[in-house]
Amino acid sequence: MFVYKAVKSLVLLNRDIVTTTGMLYPRESETREVRSLDGLWNFVKSDITNPTQGMRDKWYLDDLSRVRKTIPMPVPASYNDITTEHAIRDHVGTVWYDRKFFVPMSWSKNQRVWLRFGSVHYEAFVYVNGEMVVRHEMGHLPFEAEISQYVKYGQENRITVMCDNALIQTTIPQGKITELARDDGVSIVQTYTFDFFNYAGIHRSVHLYTTPSTYIEEIDFTTDLSKNNTVGFVTLAKVKIGGSVDNEAASNDLHIRVQLLNKEGIVVANTTSKSDMTAILEIKNVKPWWPYLMHHEPGYLYEMEIFLIDSNTEELQDVYRCKVGVRTLSWNNSSFMINGKPIYFRGFGRHEDSDIRGKGLDLALMTRDFNLLKWVGANAYRTSHYPYSEESMQFADENGIMIIDECPSVDTENYNQALLEKHKSAMEQLIHRDRNHASVVMWSIANEPRTGQLNAGSYFQYVANYTRQLDNTRPVTAAIAVNSADDKAARYLDIISFNRYNGWYSNPGRLDMITKRIIDEATTWHEKHNKPVIMSEYGADTVEGLHLLPSYVWSEEYQTELFSRHFRAFDILRKKSWFIGEFVWNFADFKTAQSVTRVGGNKKGVFTRSRQPKAVAHLLRKRYFALGREVDECTLIPSDLFTYITDGSSTRSSKHDSTDL
């Protein structure tokens with residue numbers, strides 16, 4: 001009987017989960033106001049051995065300064081590296097934030113007031129004037145609550161947030177909490193297997209915003225092209241309306257008017273819906289959304305305006321605007337195409353990570369990163385290993401940078417029912433947030449999951465199928481590190497992505513053991529599953545400024561030579577149409593948990609943590625622009641790509657130019 005129960009407990013059930021509603025990015029319009037609550041908040045760290053004290057003692061009922069001594073803490077930012085204290089940097093458990101805000105009397109009239117967080121890692125409890133308004137679990141994803149009934153209009157209000165960074169075996173990502181003896185007692189220690197620092201806090205912007213009482217709650221659209229990409233279509237599959245006393249607006253009394261404007265502000269398409277709130281817009285002489293270096297005008301975006309109108313009075317109820325990139329995606333067992341043209345991905349795995357602010361949103365840093373992506377000639381990146389800020393998604397749309405959008409599941413193991421349901425919830429929240437972004441071309445359901453374990457097959461079958469159920473317009477992938485013979489998940493993916501560190505974790509220092517191994521492994525993945533293949537990670541740790549000749553591990557010379565050996569493999573594989581991309585690990589150096597194998601963090605960056613190029617960045621830049629010219633027939637060749645050497649006196653000049661690509 002005991003054995004029967006043990007076996008039965010290993011069976012995973014594909015249960016339904018609660019789905020997200022609302023969550024449109026806060027934008028001002030004729031009917032909406034938006035205010036930022038970013039700035040310096042008050043901050044208190046709970047005692048590590050008593051993390052629930054604040055809840056038991058109801059700290060949210062008064063100013064935090066009345067219960068503990070507070071310190072200022074910037075929002076948005078990770079709290080870990082702001083101070084000089086070990087106890088805050090390495091804190092495990094709960095912390096508390098609060099601040100005051102004012103709500104104008106005008107907001108009390110015929111409208112709703114909303115409180116929205118871009119991200120709190122990992123779990124958040126939010127109170128307004130002592131009343132709990134929302135609880136959310138899942139770092140790196142937004143959440144909101146209507147707070148109309150909790151605020152005092154024309155008066156000062158208080159918002160209190162409790163944040164818990166603890167990771168356990170049923171969180172996404174996973175971790176473990178243990179107790180270890182220390183010199184003067186017991187310490188609570190957080191451990192995790194993923195290779196980046198578990199930054200925590202209010203990571204992204206906090207907004208107050210208003211909507212009318214009856215308002216546009218959700219927008220879901222798809223795009224298409226026909227007639228040799230000269231005619232475009234935007235199909236509004238769903239415009240969900242919120243409002244009225246019973247929270248169900250009488251749709252028979254409402255309709256929407258939709259129009260698309262080009263970059264010059266000229267209306268190029270418009271239509272009016274019936275009560276079903278769906279619409280199709282046709283754009284003649286459309287300008288498709290193209291990736292960077294695939295077209296002379298990449299990242300072309302239209303602006304869509306949606307007007308909610310009372311059908312009886314023709315009065316305007318609400319207005320919402322968003323950007324639209326018109327493009328198509330398609331894939332088969334040997335290629336992946338955008339607007340009917342095959343894509344060859346060249347880019348990076350990345351991290352939202354920087355000195356002091358950790359994973360906190362930093363618009364200056366984000367702008368620098370996109371400048372570097374274009375400088376190096378990349379056309380894509382993967383949001384390793386969690387969803388990035390909504391602002392960065394908008395930036396990618398505008399710059400024509402393709403995104404493989406990854407959920408927070410990393411090093412997934414010990415598969416169980418609770419983990420499966422949270423994993424599916426993470427995918428649902430991610431797709432709900434990012435489904436309308438032209439830059440998002442693929443969903444990644446995990447990074448380096450332990451796919452050789454028992455139940456891995458059924459687990460990832462459920463997650464992959466659920467992802468397609470939510471969105472069947474983009475392929476599903478996962479970055480797999482298990483070898484193809486042991487893996488149980490790849491069969492359920494549309495695109496095979498694999499991570500491998502030949503010349504580093506495998507056979508370190510052996511540059512002569514790279515090229516053939518990559519060719520053989522990529523070929524094995526394709527032959528086993530008959531699907532397109534991407535190398536989603538490769539690289540080597542490199543100390544900035546360390547030069548050794550002949551090359552030696554950790555030196556800039558070694559990183560450069562290791563990349564070159566990979567390039568040889570990729571060029572051989574590119575002749576087989578099913579190999580569709582190469583992604584460097586990593587874009588920039590980043591912080592990890594303390595380890596004797598990490599000197600200040602992971603140093604595999606092509607750029608330093610302060611976003612300055614290592615030697616390999618210049619080599620990679622030459623390759624990416626060469627690929628742009630060869631694969632995409634790109635005519636944009638930077639004038640500084642090659643350095644002038646000499647005018648030469650021989651018949652063959654030593655001067656390099658774009659013809660050498």
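Predicted model: local features only at pLDDT ≥ 70, side-chain atom pairs only at ≥ 80, totals over all residues.
β17 and strand β20 (residues 302-310) run antiparallel and are joined by eight bridges. Strand β18 (residues 267-272) also runs antiparallel to β17, with five bridges between the two. One of the pairs here is Q259 with its bridge partner N270 in β18.

β17 and β18 form a hairpin, with five residues between the strands. In the turn, G265 has a positive phi of about 85°.

The UniProt record, an unreviewed entry, lists residues 34-212 as "domain: Glycosyl hydrolases family 2 sugar binding". This span is 4% helix and 47% strand, and its end C-alpha atoms lie 13 Å apart.

N198 is found in the loop between β12 (185-191) and β13 (201-202). Is N198 buried or exposed? N198 counts as buried because its relative accessibility is 8%, and the cut-off for buried is under 20%. Leaving aside neighbours within four places in sequence, N198 is in contact with N80, H121, N165, L167 and Y192. With H121, the side chain of N198 makes a polar contact of 2.8 Å. A polar atom of the N198 side chain also lies 3.3 Å from the backbone oxygen of N165.

The whole structure holds 48 salt bridges. One of them pairs D63 with R158, the closest N and O atoms being 3.5 Å apart. D63 lies in the loop between α2 (53-56) and β3 (71-75) and R158 in strand β10 (residues 155-164), so the pair ties together parts 95 residues apart in sequence. D63 counts as buried at 15% relative accessibility, and R158 counts as buried at 11%.

Another salt bridge joins the side chains of E218 and R435, at 3.4 Å from N to O. E218 is in strand β15 (residues 215-226) and R435 in the loop between α6 (417-434) and β28 (440-447), so this pair ties together parts that are 217 residues apart in sequence. Both E218 and R435 are buried.

## A salt bridge within a helix

D571 and R574 form a salt bridge in which the closest N and O atoms are 2.9 Å apart. Why are D571 and R574 separated by about one helical turn? The reason is that D571 and R574 are three residues apart in helix α9 (residues 556-574). D571 counts as partly exposed at 28% relative accessibility, whereas R574 is buried, with a relative accessible area of 19%. Salt bridges that share partners join D571, R574, E582, R623 and E630 into one network.

Notes:
Residues numbered from 1 in each chain as written. Heavy atoms only, no water. UniProt positions renumbered as here; feature names shortened; annotations may be inferred. Buried < 20%, exposed > 50% of the residue type's maximum accessible area, 1.4 Å probe, protein only. Contact = heavy atoms within 4.5 Å. Polar contact = N/O pair within 3.5 Å; in protein donor to acceptor, adjacent residues only side chain to side chain. Pairing = 2+ DSSP bridges. Salt bridge = Lys/Arg side-chain N within 4 Å of Asp/Glu carboxyl O.
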